[in-house]
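Reader: I'd like to go through this one, starting with the charged pairs. Can you put it up?

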Amino acid sequence: MQLSVLQNNVVMILIILFTCSSCSQKSPDTVRKVISQDTIDHRMMNVNSLLTTNENEQIEAYIKRYGWEMKATGSGLRYLIYKQGNGKPAKKNHTIKINYRTALLNGVTVYNSAFDGAKIFKMGKADVEVGLEEGILLLKVGDKAKFIIPSHLAFGLVGDQKKIPRKATLVYDVELLEVN
């Protein structure tokens with residue numbers, strides 16, 4: 001909730017800055033301030049850095065709250081393989097079948113294979129979130145894992161237009177059932 005308020009405030013400030021910087025007065029007495037593209041890029045990078053830092057802090061607090069010993073990839077995906085299988089490893093271009101539960105950091109379950117059925121998709125075809133594919137590539141058939149997928153590896157700024165809101169971090173509990 002607090003991150004959402006911060007995000008909204010940052011977005012409003014940016015809108016005001018861009019609106020004011022692009023306004024021009026007809027009066028000759030008015031001095032028009034021009035903001036260079038470099039300045040805009042720098043401000044956007046600062047805002048993005050702030051949002052990313054806040055999201056990472058929320059993820060770390062979530063992990064600490066549950067006492068999970070998670071590893072992180074270079075992209076920001078966190079994972080914990082809590083049951084080892086002994087089957088075939090997942091690879092690109094293979095068709096994958098998983099049971100899953102997808103939740104938000106606030107604990108609300110948004111999708112669940114118990115109700116929606118197992119998810120079947122082909123790796124590398126952009127059918128699922130980039131972070132989910134990255135996590136699946138760490139598994140072999142029979143593995144059970146938890147993934148925490150930052151928004152930039154999930155549905156980003158817009159959400160999925162259904163149940164997942166914008167800038168949402170996702171928590172997946174996954175069981176890799178098949179690799180073909």
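Author: This is a predicted model. Lys 146 and Asp 173 form a salt bridge through their side chains, at 2.8 Å from N to O.

Reader: Where do Lys 146 and Asp 173 sit in the chain?

Author: Lys 146 is in strand β6 and Asp 173 is in strand β7. They are 27 residues apart, and the pair links distant parts of the chain.

Reader: Is Lys 146 buried or exposed?

Author: Lys 146 is buried, because its relative accessible area is 17% and the cut-off for buried is under 20%.

Reader: And what about Asp 173?

Author: Asp 173 has a relative accessible area of 21%, so it counts as partly exposed.

Reader: How many salt bridges are there by this rule?

Author: The count is 5. One of them joins Glu 55 to Lys 167, with N to O at 3.9 Å. Glu 55 belongs to helix α2 (residues 37-66), while Lys 167 is in the loop between β6 and β7, so this pair ties together parts 112 residues apart in sequence.

Reader: Are Glu 55 and Lys 167 buried or exposed?

Author: Both Glu 55 and Lys 167 are buried.

Reader: Which residue does Lys 140 pair with?

Author: Lys 140 forms a salt bridge with Asp 143, and their closest N and O atoms are 3.9 Å apart. Lys 140 is partly exposed, at 25% relative accessibility, whereas Asp 143 is buried, at 1%.

Reader: Back to β7. Which strands does it pair with, and how many bridges are there?

Author: Strand β7 (residues 170-179) runs antiparallel to strand β3 (residues 95-104), with 9 bridges joining them. Strand β6 (residues 144-149) is also antiparallel to β7, and 6 bridges join that pair.

Reader: Which residue in β7 is the bridge partner of Leu 104?

Author: Leu 170 is the bridge partner of Leu 104. Leu 170 is also the partner of Ile 149.

Reader: New topic, the largest nonpolar core. Which residues touch the most other members?

Author: The core has 28 residues, and those touching the most other members are Ile 96, Ile 98, Leu 132, Ile 136, Phe 147, Ile 149 and Val 174. At least two residues of this core come from each of β3, β4 (109-112), α4 (130-136), β6 and β7. The largest share is from β7, which supplies 5 residues.

Reader: What does Phe 147 touch?

Author: Leaving out residues up to four places away in sequence, Phe 147 touches Met 70, Leu 77, Arg 78, Tyr 79, Leu 132, Gly 135, Ile 136, Leu 139, Leu 170, Val 171, Tyr 172 and Val 174. There is also a second, separate core, with 9 residues. Among them are Ile 59, Ile 63, Leu 80 and Ile 148.

Reader: Last one, Ser 113. Where does it lie?

Author: Ser 113 lies in helix α3 (residues 113-116). Its relative accessible area is 12%, so Ser 113 is buried.

Reader: What does the side chain of Ser 113 make a polar contact with?

Author: The partner is the side chain of Asn 99, at 3.4 Å.

Terms used. Residues numbered from 1 in each chain as written. Predicted model: local features only at pLDDT ≥ 70, side-chain atom pairs only at ≥ 80, totals over all residues. Heavy atoms only, no water. Pairing = 2+ DSSP bridges. Helix = DSSP H or I, 4+ residues; strand = E, 2+ residues; numbered from the N terminus. Buried < 20%, exposed > 50% of the residue type's maximum accessible area, 1.4 Å probe, protein only. Polar contact = N/O pair within 3.5 Å; in protein donor to acceptor, adjacent residues only side chain to side chain. Core = buried A, V, L, I, M, F, W, Y, C linked by side-chain atoms within 4.5 Å. Contact = heavy atoms within 4.5 Å. Salt bridge = Lys/Arg side-chain N within 4 Å of Asp/Glu carboxyl O.
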